[in-house]
Amino acid sequence: MAKISKMSQWYHKWNRQKFPSHARGPLVQIMWSSDMLISNITLRDSPFWTLHPYDCKNVTIMKVTILNPILEAPNIDGIDPDSCEDMVIEDCYINVGDDGIAIKSGWDQYGIRYGRPSKNILIHNVVIRSMVSAGISIGSAISGGVSNVSTENILVWSSRRAVRIKTVPGRGGYVRNLTFDKVQVGIVKSDYNEHPDGDYDRKAVQILEDINFIGVHDQGVRVPVHIDGSKEIPIKNVTFHDMSVGLTYKKKHIFRCSFVEGRVIGTIFSAPSENLDRYDEHGQLVKRSASQNLTDIDYDF
């Protein structure tokens, strides 16, 4: 198995500088390529994103091990598919100080102009550790759009979040048709307010819709679900089906959804947010949600 390593003392020297004179680069970056197999390698000690396929098509990443520092290592993601199409990520082990897998598609007006979405991505049989961030992240640089992402059999351990979708007004783009099967549920947040410059369109908001969580089972979780939409970025057609999560905190509002339109199918533990419609296993409506805009919460997140 091949090994690629870069960080050594260079990163620590860069990190101590208050205003570094140059940006960190990815460990491996592949651009404008197609029909690739990346397999049986170990990538470690990256100074920035570890494996960054950009505007690539028909890519398989399998049996890749990524070993990066897990503390005081900002932006050191594992795999960052960026404006990529028809990709499979399978049988990988990722240990990083930021997002394990972070799907992107361009930043603000530049990503909107370039117009290359990330789509048709399958992630399965992957183990991820991310103590300060998320196992699987989408955004917030998704101005070209993200669609048709399926994940299955993902183990996220010793991590802050399992799944996170990051949004911000001015970004534009869309996130639609996501399926998370056998993955610990995570978070949707809309406060990643960073922009490359002041020329972005402040009216360019993202569309989030058709997101499915199926077969979610886990233990020792503080907050099973936190989906925090807004008036500018409401979240539509979210489904939870077959979910049982053991909790470490016994609080009232541990399943939080605000500005979300969606449904719960069958029995769910912990008790789901009242902002969601309830259906039985046969697809029959049991109870309509009282409101989709409640934001009451009684824990510190």
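Accessible areas here come from the Shrake-Rupley method with a 1.4 Å probe. The model is predicted.

**Exercise 1.** Describe the protein chain as a whole: what is its accessible surface, and what percentage of its residues count as buried?

*Solution.* Start with the surface: the protein chain has about 14,000 Å² of accessible area, and carbon and sulfur atoms hold 49% of that. Next, burial: 52% of the 301 residues count as buried. Then the secondary structure, which consists of two helices and 20 strands. Last, the contacts: among those between residues at least 6 apart in sequence, 73% link residues at least 24 apart.

**Exercise 2.** Find which residues have the most contacts inside the largest nonpolar core, then list the surroundings of Ile61.

*Solution.* The core has 58 residues, and those with the most contacts inside it are Ile61, Ile89, Ile101, Val126, Ile138, Phe180 and Phe240. Take Ile61 and set aside its neighbours within four places in sequence: its contacts are then Ile38, Leu51, Pro53, Ile79, Met87, Val88, Ile89, Glu90 and Cys92.

**Exercise 3.** Classify Tyr114 and Pro224 as buried, partly exposed or exposed, and place each in the structure.

*Solution.* Tyr114 belongs to helix α2, residues 108–114. Its relative accessible area is 31%, so Tyr114 is partly exposed. Together with Met31 and Trp32, Tyr114 forms a nonpolar surface patch of about 310 Å² accessible area.

Pro224 sits in the loop between β14 (207–221) and β15 (225–228). Buried means under 20% relative accessible area; Pro224 has 1% and is therefore buried. Its C-alpha atom is separated by 9.3 Å from that of Ser244, 20 residues apart along the chain.

Note on methods
Residues are numbered from 1 along each chain as its sequence is written. This is a predicted model: local features need pLDDT of at least 70, side-chain atom pairs count only at pLDDT 80 or more; totals for chains, interfaces and linings use all residues. Side-chain values use heavy atoms; hydrogens and water are left out. A nonpolar core is a set of buried Ala, Val, Leu, Ile, Met, Phe, Trp, Tyr and Cys residues joined through side-chain atoms within 4.5 Å. Buried means under 20% relative accessible area, exposed over 50%, partly exposed in between (1.4 Å probe, protein chains only). Contact means heavy atoms within 4.5 Å. Patches are made of residues with over 30% relative accessible area and no salt bridge: like charges are joined within 9 Å, nonpolar side chains (Val, Leu, Ile, Met, Phe, Trp, Tyr) within 5 Å. A salt bridge is a side-chain nitrogen of Lys or Arg within 4 Å of a carboxyl oxygen of Asp or Glu. Helices (H or I, at least four residues) and strands (E, at least two) are DSSP runs, numbered from the N terminus.
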